[in-house]
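Notebook open, model loaded. I'm jotting down what I look up as I go.

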Amino acid sequence: MLGNLVYLYLLSPLHTGGTTQEGNLLGIARESHTNLPYIPSSTIRGKLRSLTPEVERNRLWGNTIDDVTGSSSDTNLTQGSLWIGDASILWLPVPSLSHGVVWVSSPMLLQRWARLNGRTEKAPEPYSNNFAQGKPVYLKDAILKSASLKPKSDLKTWIPQSEIGSIDHALILPDQHCTTLIQMSLWRQVKVKLDEHKTVNGGFRYEEAIPPDTLMYFPWGVTSQATGQAQDLQKKFNQILTDNAVMQIGGQESLGRGFVQQWSSEAGVKQEATV
């Protein structure tokens, strides 16, 4: 499992399906223990399955109910040879009056990523950053005084390389403050329903999405039933990623939502810094 990570750099807002609807807010999937947005593994797996050549589809991802009930000879549902984990946030962009855009993360988010990478060192301390240079930082309604900020030139080792990403302003916040700021920085769009006369029918609603330029990742691996086939399966999986450097995940594709640039840590892409 260690090292098998796929990174997602969001090119547009990503709506992962409304698992909650409170009042007029159509929410997105959230982790139950942190309340942070994430992409469910089933969403990613479904997309990857659709991108897999048909001849390999059932072997890699298992068959479907249509295979059991249709003309296929399958009599039972079977498990595929690959598993996919949920996608977690690593760095999320926040508007800043003082620095344009600042990417924030937290010790908890970085430590989670480090464990999957086999790294044993502790995540940098809160308020570590690579850009403030003795000046205060304005984030949304928060003001971080220069005295509380901690310069850290090697933050680059905590930022995976992206072919398109440019996370040049990185700041680590305490877990609680980071969670609050992420909630405040989610992309929200107001929508109204029109009737046949093009007049508003009913009230309005908000739809949430994870903002573009967010960096996420998900783990993947070979299931236990595929013992002895790991090398071949890894090759086929990486080929799917290579053939689909940009893919669409989640809902509202017709509105341009959910497009991501992806790359794998197993596909030979260097894990160097962008800052």
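This is a predicted model: local features need pLDDT of at least 70, side-chain atom pairs count only at pLDDT 80 or more; totals for chains, interfaces and linings use all residues.

Surface first: I got about 13,700 Å² of accessible area for the chain, and 50% of that belongs to carbon and sulfur atoms.

Next I checked burial. Of the 275 residues in the chain, 45% are buried.

Then the secondary structure. I count six helices and 16 strands in the chain.

I also looked at how far apart in sequence the contacting residues sit. Taking contacts with a separation of 6 or more, 69% are between residues 24 or more positions apart.

Now strand β16, residues 259–264.

Who pairs with β16? I found β1, residues 5–10, running antiparallel to β16 and joined to it by five bridges. In that pairing V6 stands opposite S264 of β16. Strand β15, residues 246–248, also pairs with β16, again antiparallel, over three bridges. There I noted Q248 opposite F259 of β16.

Back to the outside, for a nonpolar patch. Which residues form it? I get L97, Y138 and I143, together giving about 350 Å² of accessible area on the surface.

I followed up on one of them, I143. This residue is in strand β9, residues 142–144. Buried or exposed? I143 has 52% relative accessibility, and the cut-off for exposed is over 50%, so I143 counts as exposed.

Terms used: Residues are numbered from 1 along each chain as its sequence is written. Side-chain values use heavy atoms; hydrogens and water are left out. Patches are made of residues with over 30% relative accessible area and no salt bridge: like charges are joined within 9 Å, nonpolar side chains (Val, Leu, Ile, Met, Phe, Trp, Tyr) within 5 Å. Accessible areas come from the Shrake-Rupley method with a 1.4 Å probe; for residues, only the protein chains shown count as cover. A salt bridge is a side-chain nitrogen of Lys or Arg within 4 Å of a carboxyl oxygen of Asp or Glu. Helices (H or I, at least four residues) and strands (E, at least two) are DSSP runs, numbered from the N terminus. Buried means under 20% relative accessible area, exposed over 50%, partly exposed in between (1.4 Å probe, protein chains only). Contact means heavy atoms within 4.5 Å. Two strands pair if DSSP finds at least two bridges between them.
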